[in-house]
Amino acid sequence: MALFEKAPAKINLSLDVIGKRMDGFHEVEMIMATIDLADRVELNSLNEDRIEVSLWSRYVPNDERNLAYKAAKIFKKEYGIKKGVHIKIEKNIPVSAGLGGGSSNAAAVLRGLNKLWDVGVPLEELALLGLKIDADVPFCILGKTAIARGKGEILKRLPAPPSCWVILAKPNIGVSTKSILQRVNVDAISHPNTNEIIKGLYEGDFQHICKHIGNSLECITMSLYPEVKRIKEKMINAGAEGVLMSGSGPTVYGLVKHHNKAQRIYNSMKGFCHDVHIVRIIG
Ligand code: ATP
């Protein structure tokens with residue numbers, strides 16, 4: 001029997017690195033919103049006890065390094081399952097883009113196997129299991145709009161931003177999150193005003209959200225990859241109401257209230273940029 005799970009991407013409305021923990025991880029505060037750009041994950045149970053991953057991508061391995069593979073391995077071990085699974089991934093989310101594609105694939109596998117093998121694990125428990133794979137997996141289990149604190153595992157649901165359009169623009173480079181995080185100096189980076197974004201979300205105030213979105217990692221990525229800064233400037237000049245780099249980059253997104261304007265900005269970013277999408281936030 002085949003089971004399908006949608007694995008949507010996310011954008012960061014905020015990303016703040018608050019400190020470095022004793023265990024070596026960063027203490028973070030991130031408001032993330034799910035968008036309707038998604039990979040498609042298909043799971044087929046195998047009688048033999050093995051994990052297979054198939055996907056067509058130059059940039060993503062299909063062996064035990066794949067986050068979807070890791071998710072299946074952890075799930076099987078945690079719940080003592082001796083069956084196997086074939087995981088087929090149809091990739092639509094750009095890779096190493098700051099859009100959480102790998103984490104979303106892993107979350108889809110955890111959710112999917114929970115159903116496929118009828119294990120009945122509560123979502124909160126799945127989210128904690130997901131943290132062993134990557135800091136963004138717990139959020140991807142919960143989905144929609146939420147704030148993640150701690151290492152990424154302390155989650156609180158937030159209202160989605162008011163209806164708007166999101167233009168994604170990614171240059172033809174991939175950014176390693178690890179290499180950006182290694183350069184973080186908590187005292188030197190800028191810190192977004194997370195509470196103001198939360199206020200804007202509760203009040204449904206689009207302009208207030210646009211004004212306060214912020215990302216501590218933006219300066220670091222931009223200093224290494226000046227094209228990210230150029231894309232941000234281009235998106236601001238084109239008239240997007242809020243513009244920010246997502247995750248550790250290099251994708252820059254623009255928030256726009258009205259479709260006509262969003263379409264115009266999308267057109268002007270095309271040709272300037274390698275990968276451009278126009279999407280919506282999922283409630
Ligand atoms: P984040 O915002 O969580 O840092 P990202 O969007 O920047 O994530 P991903 O697309 O998740 O980055 O990929 C990061 C790395 O993970 C790449 O080196 C990629 O090869 C590897 N990877 C492993 N499994 C997957 C997967 N299923 N999908 C995408 N990338 C994967």
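Start by selecting residues 198-273: the chain there is 58% helix and 14% strand, and the end C-alpha atoms are 31 Å apart. Helices (H or I, at least four residues) and strands (E, at least two) are DSSP runs, numbered from the N terminus. UniProt lists this range, in an unreviewed entry, for "domain: GHMP kinase C-terminal"; its positions are given in the numbering used here, feature names are shortened, and annotations may be inferred rather than shown by experiment.

The model is predicted: local features need pLDDT of at least 70 and side-chain atom pairs count only at pLDDT 80 or more, while totals for chains, interfaces and linings use all residues. Residues are numbered from 1 along each chain as its sequence is written.

Next, colour domain 1 (2-157) and domain 2 (165-280) separately; the bounds come from an automatic or database domain assignment. Their C-alpha centres lie 23 Å apart. The contact between them takes 24 residues from domain 1 and 32 residues from domain 2, where contact means C-beta atoms, placed from the backbone, within 7 Å. On the domain 1 side, the elements giving two or more residues are β1 (2-20) and β2. Strand β1 supplies the largest share of that side, 9 residues. By class, the side has 12 nonpolar, 8 polar and 4 charged residues; Ala, Val, Leu, Ile, Met, Phe, Trp, Tyr, Cys and Pro count as nonpolar, Asp, Glu, Lys and Arg as charged, and the others, Gly among them, as polar.

Now show A68, A72, V109, L110, V166 and I167, which touch the most other members of the largest nonpolar core, a set of 81 residues. Such a core consists of buried Ala, Val, Leu, Ile, Met, Phe, Trp, Tyr and Cys residues joined through C-beta atoms within 7 Å; buried means that 20 or more other C-beta atoms lie within 10 Å of the residue's own. Strand β2 (residues 26-46) contributes the largest share of this core, 10 residues. Centre on A68: leaving aside neighbours within four places in sequence, A68 is in contact with V41, V53, I87, I89, N105, A106 and V109.

Finish at the ligand. It is surrounded by 21 residues, the closest being G101, G102, N105, T177 and G247; the criterion is a C-beta atom, placed from the backbone, within 6 Å. Helices α1 (67-78) and α2 (101-116) are the elements that give two or more residues to this shell, and α2 gives the largest share, 4 residues. The shell has 8 nonpolar, 11 polar and 2 charged residues. Domain 1 and domain 2 both contribute to the shell, so it lies between them.

How values were computed: Buried ≥ 20, exposed ≤ 12 C-beta atoms within 10 Å, placed from the backbone. Contact = placed C-beta atoms within 7 Å.
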